[in-house]
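Below is a short report on strand pairing in one model.

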Amino acid sequence: MKSTPLSLIAGTVALAAVTGFAAFNAPGDTAPAKAASATRLPVERSSLLCPAPSDSELAETEYTSFTPAGKGTSEESAAELKQTLPVTDDGGGDAGTDKTDKAADDKADKAAAAAKKKAEKPVLALKEAGKPVTAETDGADAPALVGTATGALAPGWSAQQTTSVSVGSTRGLLGVSCTAPDTEFWFPGVSTAATSQDYIHLTNPDDSAAIADIQLFGPDGDLKADVGDGIAVPGHAGVSMLLSTLTDEAVDGVTAHVTTRSGRVGAVVRGAEEDTGSDWLTASADPSATVVMPGIPADASSVQLIAFAPGDDDADVKVQLVGKTATFAPAGNDTLHIKSGMTASVDLKNVTRKEPGSLRLTPAEGDRATPIVAALRVVRGTGSGQEIAYIPATRPVGARASVADNRSKGSTLSLVAPGATAQVKVTATAGSEGGEQTVKSYTVKGGTTLAFTPPVPSGLKGSYALTVETESGGPVYAARTLALPEDGVQMFTVQTLPDDRGTVEVPAAVQDLAVLDD
């Protein structure tokens, strides 16, 4: 037998750092790898996708890119967000047989070449960890962005897209943490009603085309949809679809399910309503028997819960508000029955009653833990000054989580410990244009939500990022609210802070891979 090359071991470790999985077996050994101690290593590559910001000519967008300071790899590092390529319609036909057709083809080829060249130049390039960088754009033509971070800038890399639209049907403060590509997404809380304009945005980070399917589930089950299957998303491009065009049924309280047959995409929904503005809805955390939606603003005038059970079983859940001082059931809404394959909604009204809170759903019966997905539709203000935002169920902060684009005023950080009391460390980074980071520790009592104005870097210039780290105690969930009121409208947006998955667990070798020759 020949000895195992060292490159195999190095390659396995590198695979783990990129994919989060590695197993060790000697050549020819078909038995499962033995259990062994493991170590955590920083990831070596991260990908993020940002949707096209707006279709309003009045849109003003700011991008922010950030990686927490930490122990990244020593190789050459980069973190760049670039424009996607335009989606072209190649109608085929007898191109070149007619002078007019040939001229049009030549013009299209030149435009495509120019777009490709433009897409090669980064919109935003991060050069160092621990300090955010920003870029701005405006108008309706800003494209989606695709990005990759490598080396020391990969672990925990995040990007924020914040768009302000002062008037029109898409009025609002639209904030979204750019998402990692995946093959499945759940969006409880979308609408196909005539009063809504909900667009789903799909962005492909890879060279080859991705094929996606969209399925819609209303209060009575699967909505008939003829055009939601086999949606082609070209490589390094983004497409958007108005959800109401996928079905003839006009329904509020819908869950959208996005899957890919081939490839992977980033997916987010831009929701817009006639009277309450617009914002981005990111995907709910993977289906789970217990879900948490952190960071309901204290002054929320209306809160609607939307939940869906994807499996074959119905779900009965307890509804609990994790408030400022205790956890309790909202009056008249202590439980919710969710039929399998049907979206359930409940109006919780002004459930927080001028105090910050978070919502937790748990199995009503311990022996029936049915996985669900969920989200909140939150309204601030009244009358013509109303504004919406969405809070999807999210993962815990875990070891570390970050959110970029915090301003000197307007940010609120919400931390919830639904179980045991926890200690967390919050770092306000250096500003994008100057300032020094500030670090503070907080205690979050079990069964409560702690909402506060986060620390601001000393001498802040520009915007800054917040990093939350769990130091001890039970799991912590977090959300950041950014509020920028304008002309009496309570414009705001909420972003959750799930674990950034900046490290991966790599098993230790359980046997000597350097097998000597016979």
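## Sheet β33-β29-β36-β37

Four strands form an open sheet in the order β33-β29-β36-β37, and the pairing is antiparallel. Strands here are DSSP runs (E, at least two residues), numbered from the N terminus, whereas helices are runs of H or I with at least four residues. Two strands pair if DSSP finds at least two bridges between them. The edges are β33 (448-452) and β37 (492-496). Each has a single partner strand, so one side of each lacks a neighbour in the sheet. From one strand to the next, the twist averages 20 degrees. Axes are lines fitted to C-alpha atoms (for helices, over the stretch in contact), and angles run from 0 to 180 degrees between N-to-C directions.

Strand β29 (residues 411-417) is joined to β33 by five bridges, and the two run antiparallel. Ser414 has Ala451 in β33 as its bridge partner.

## Model and conventions

This is a predicted model: local features need pLDDT of at least 70, side-chain atom pairs count only at pLDDT 80 or more, and totals for chains, interfaces and linings use all residues. Residues are numbered from 1 along each chain as its sequence is written, and side-chain values use heavy atoms, with hydrogens and water left out.

## Sheet β24-β20-β26-β27

A further open sheet of four strands has the order β24-β20-β26-β27, with antiparallel pairing. Its edge strands, β24 (343-349) and β27 (387-392), each pair on one side only. Neighbouring strands are turned by 20 degrees against each other on average, direction ignored.

Strands β20 (residues 300-308) and β26 (residues 373-380) run antiparallel, joined by eight bridges. Val303 stands opposite Val378 in β26.
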